[in-house]
Amino acid sequence: MITTKGRYALRVMIDLAQHRGAGNIPLKDIADRQDISKKYLEIITKELVKGGMLKSTSGKGGGYSLCREPEDYDVYEILELMEGSLSPVACLAPGAEPCPRANTCPTLPMWKEYNAMVRDFFRGKKLSDFTETPDPIYYI
């Protein structure tokens, strides 16, 4: 399940992509447009900066901006940064110990297929896919 944190991070990234070219965007502006608590967004943007998704500038004219072009971000990397592994079962998570039942598990092929579908679906969605909507508020 994608949590509020992951969904809000995606909304922040889309908002910044939509306002690209306007310079650094103050967090208050994003919070107002997205109707999300500024305090909660501080937590989210801190993780996005630490994860190399955003740049933060303080002082007059400060705010947030994307590190790359919107088409260079995929939804999977944003969600994975905020949520951790999106794998449906522990044995498929990155860095997981090999499962002793892998050779005899009748459901493992199904989980692998599901995992690949989710990964491919979200990797196929770029941040730029969401920038041409007339309404910048997303209720994800």
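Visitor: Which residue just after α4 takes a positive phi, and of about what value?

Guide: This is a predicted model, and the angles discussed here are computed from it. Helix α4 covers residues 75-83. Just after this helix comes G84, whose phi is positive, at about 85°.

Visitor: At the other end of α4, which residue caps the helix?

Guide: The N-terminal end of α4 is held in view here, where a side-chain oxygen lies 3.1 Å from the backbone nitrogen of Y76.

Visitor: Against which helices do the buried residues of α4 pack?

Guide: The buried residues in α4 are V75, Y76, E77, I78, L79 and M82. In general, residues of an α-helix three or four places apart point the same way, because there are 3.6 residues a turn. The packing partners of the buried residues of α4 are α1 (4-18), α3 (38-50) and α5 (108-123).

Visitor: Is E77 buried or exposed?

Guide: E77 belongs to helix α4. Leaving aside residues up to four places away in sequence, E77 touches M53, R68 and D72, and its side chain is joined to that of R68 by a polar contact of 2.8 Å. The relative accessibility of E77 is 18%, and buried means under 20%, so E77 counts as buried.

Visitor: How many disulfides does the model have?

Guide: A disulfide is a covalent bond between the sulfur atoms of two cysteines. The rule asks for two cysteine sulfur atoms within 2.5 Å. The sulfur of C99 has its closest cysteine sulfur in C91, at 5.2 Å, which is too far for a bond. The count of disulfides by this rule is zero.

Visitor: Which helix gives the most to the lining of the largest pocket?

Guide: The largest pocket has a volume of about 200 Å³. Its lining is made up of M1, I2, E83, S85, L86, S87, P88, Y114, V118 and F122. By class, seven of these residues are nonpolar, two are polar and one is charged. The helix that gives the most, with three residues, is α5.

Visitor: What distance separates the C-alpha atoms of L16 and P70?

Guide: L16 is part of helix α1 and is buried, with a relative accessible area of 3%. Its contacts, not counting residues up to four places away in sequence, are I25, I30, L54, Y64 and L66. L16 and P70 are 54 residues apart along the chain, and their C-alpha atoms are separated by 8.9 Å.

Visitor: How far apart in space are E69 and P109?

Guide: E69 lies in the loop between β2 (63-66) and α4. This residue is partly exposed, with a relative accessible area of 37%. E69 and P109 are 40 residues apart in sequence, and their C-alpha to C-alpha distance in space is 36 Å.

Key
Residues are numbered from 1 along each chain as its sequence is written. This is a predicted model: local features need pLDDT of at least 70, side-chain atom pairs count only at pLDDT 80 or more; totals for chains, interfaces and linings use all residues. Side-chain values use heavy atoms; hydrogens and water are left out. Buried means under 20% relative accessible area, exposed over 50%, partly exposed in between (1.4 Å probe, protein chains only). Helices (H or I, at least four residues) and strands (E, at least two) are DSSP runs, numbered from the N terminus. Contact means heavy atoms within 4.5 Å. A polar contact is a pair of N or O atoms within 3.5 Å; within protein, one must be able to donate a hydrogen and the other to accept it, and residues adjacent in sequence count only if both atoms are side-chain atoms. On a 1 Å grid over the protein atoms alone, a cavity is a set of points where a 1.4 Å probe fits but cannot get out, and a pocket is an open set with protein on both sides within 12 Å along at least five of seven lines; lining residues have an atom within 4 Å of a point. Grid points are joined across faces, edges and corners, and a volume is the space filled by probe spheres set on the points. Ala, Val, Leu, Ile, Met, Phe, Trp, Tyr, Cys and Pro count as nonpolar, Asp, Glu, Lys and Arg as charged, and the others, Gly among them, as polar.
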